[in-house]
Amino acid sequence: MSIDVLSIENLYFRYNSSEVLSDISFSVKAGDYIGLVGPNGSGKTTLIKIILGLLKPHSGNISIFGKDISTFSGWARIGYLPQKMSAVNPRFPATVSEVVAMGLLSKKSFPKHMNRYDDSTVDNTLDLLDIKNLKNTPIGELSGGQQQRTLVARALVNNPEFVILDEPTDALDPEMRDRFFDIMNNLNKKKKVTVIIVTHDMGNIGRYTSKLLYIDKKLIFYGSFEDFCQSSEITQFFGEFAQHVICHRH
Amino acid sequence: MELTEFLRYGFIQRALIAGTFIGILCSTLGVFLVLRRFSLIGDGLAHATFGSVALALLLKMSPLYVSIPLVMICSLGILKLTERARLYGDAAIGVVSSLGIAGGVMLSSIAGGFNVDLFSYLFGSVLSISNAEVVISILLSVLVILIIIFYYNELLSITFDEDSAKVSGINTKFINSTFVLLTAVTVVLSMKVVGIMLISALLIFPAVTALQIARSFKAVMVTASLTAMTSVVLGIVLSFFLDLPTGAMIVLINFIFFVSGLTYKRITKG
């Protein structure tokens, strides 16, 4: 029996006295490609930060690759893209290749110094995202889309088995967004990389992912996009018209 | 007096050697401090150093030996206040800083008022640095620089994006604690070079100058080190020939470098 990549049971998270997430339970299988959706303030980023161990839940169980999060140490198996605005200091003096190389640190032992093989790994990832020509450019001199591609490259450079991307396509133009989803699709189908993409763009995400996880402080729906469109609970939750609009874009 | 004759003086040699090492040390740490918006920790720890120097003079002990452990404790205090008491970094620095000054003034009063020794630590006296202080400065500088080299990529990653650094398995608590401890040692070592009142200049100026010119993180580190080294050497030489205070001269040269860097950036970027 294969181990779940991620399993969450009865997760609760409070900030001060207000409930941010309540009674969230779901599991992610190897090779799943999930769109985590919900309105602004629904707790998507909070959920991601809990999964990554950046926030501690009030209660609940989380296991990653079969290990409880408190004892999990295989972070090298995970790639993470934070929300861009919070991640990049526009005046930071690092070049694109210096930033992408940071993604390799999780697999390195002390002292975590880079070698020629790492340089070529970085180059290959930059090539994948069409930013190899920018490798020596300071990240602060890039456009929003180029910065985003740099951070995506950092999340992917380590060949992770499980990728969590928080609003990865926000700063990308439509052409680059399609290219990005092609890359993710390829990783998911050919390399069986498990993917969770956080987005508020519900209509578009259904075109790419195999499952939808809809939360609004609690879990509203978890299943395929087809099921989402046919679910009577969703009709009840969104109203027939809104459900139709979302599903029609698919 | 000719330069060769000037360089024959033992006190000048000691000042140049210790100053160069401490300059490189300050600038290297300063780059991380400035980019993490934590640069005023130098000021806060310098004020804590003032308290510890007053204590050392009261106890008739070497200020270096008393200050290093005490200021290291203060640096961890600042870190814990930001992490556990959830104070903003500047507020935590303010708490430790004012406590250091209050302690220093109190101890000086108990000792019968300020004296020349305390004054030399406030405004620096690199030309009076002893052989033992040079050796300690070199050893500790080398140790701190080696730690920075070994943890360079972890420090870079945390400075750029702490959350992602945590996710990539970096022990950010350990690195942050190590980092503030290194800063504490650096501040104490720097008090003889530029003085307690001007330590933060040696941490901040080379870093902000390098940030105007360099186009990669490694280039920033190298440029900051070169800037600090040059400013310390020029500061010692000029202050000797012009008969002006060395610490203040080093800071003024750093300011000139910073303005030059700013002008260079404006010209090259149109």
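**Helix packing, chain contact and strand pairing**

In this predicted model, helix α12 (residues 217-242) of chain B packs with helix α13 (residues 246-268) of chain B at an angle of about 130°, their axes lying 8 Å apart. The arrangement of α12(B) and α13(B) is therefore oblique, and their crossing is right-handed. On the α12(B) side, the contact involves B:Thr227, B:Ser231, B:Val232, B:Leu234, B:Gly235, B:Ile236, B:Leu238 and B:Ser239. These residues meet B:Thr246, B:Met249, B:Ile250, B:Ile253, B:Asn254 and B:Phe257 in α13(B). By class, the residues of this contact comprise eight nonpolar, six polar and no charged.

Between the chains, 21 residues of chain B are in contact with 21 residues of chain A. On the side of chain B that touches chain A, at least two residues each are supplied by α8 (152-160), α9 (162-167) and α12 of chain B. Of the elements on that side, α8(B) gives the most, with five residues. The side of chain B that touches chain A has ten nonpolar, six polar and five charged residues.

In chain A, strand β1 (residues 6-15) pairs with strand β2 (residues 18-28) in the antiparallel sense over seven bridges. Within this pairing, A:Phe13 stands opposite A:Leu21 in β2(A). The two strands, β1(A) and β2(A), form a hairpin with two residues between them; in the turn, A:Asn16 has a positive phi of about 55°. Strand β1(A) is also joined by five bridges to strand β4 (residues 59-64) of chain A, and these strands run antiparallel. Here A:Ile8 stands opposite A:Ile62 in β4(A).

Methods: Residues are numbered from 1 along each chain as its sequence is written. Chains are lettered from A and ligands numbered from 1 in the order in which they are written. This is a predicted model: local features need pLDDT of at least 70, side-chain atom pairs count only at pLDDT 80 or more; totals for chains, interfaces and linings use all residues. Axes are lines fitted to C-alpha atoms, for helices over the stretch in contact, and angles run from 0 to 180 degrees between N-to-C directions. Helices (H or I, at least four residues) and strands (E, at least two) are DSSP runs, numbered from the N terminus. Angles under 35 degrees count as roughly parallel, over 145 as roughly antiparallel, 65 to 115 as roughly perpendicular and the rest as oblique. A crossing is left-handed if the near helix is turned anticlockwise from the far one by less than a right angle, and right-handed if clockwise. Two residues are in contact if their C-beta atoms, placed from the backbone, lie within 7 Å. Ala, Val, Leu, Ile, Met, Phe, Trp, Tyr, Cys and Pro count as nonpolar, Asp, Glu, Lys and Arg as charged, and the others, Gly among them, as polar. Two strands pair if DSSP finds at least two bridges between them.
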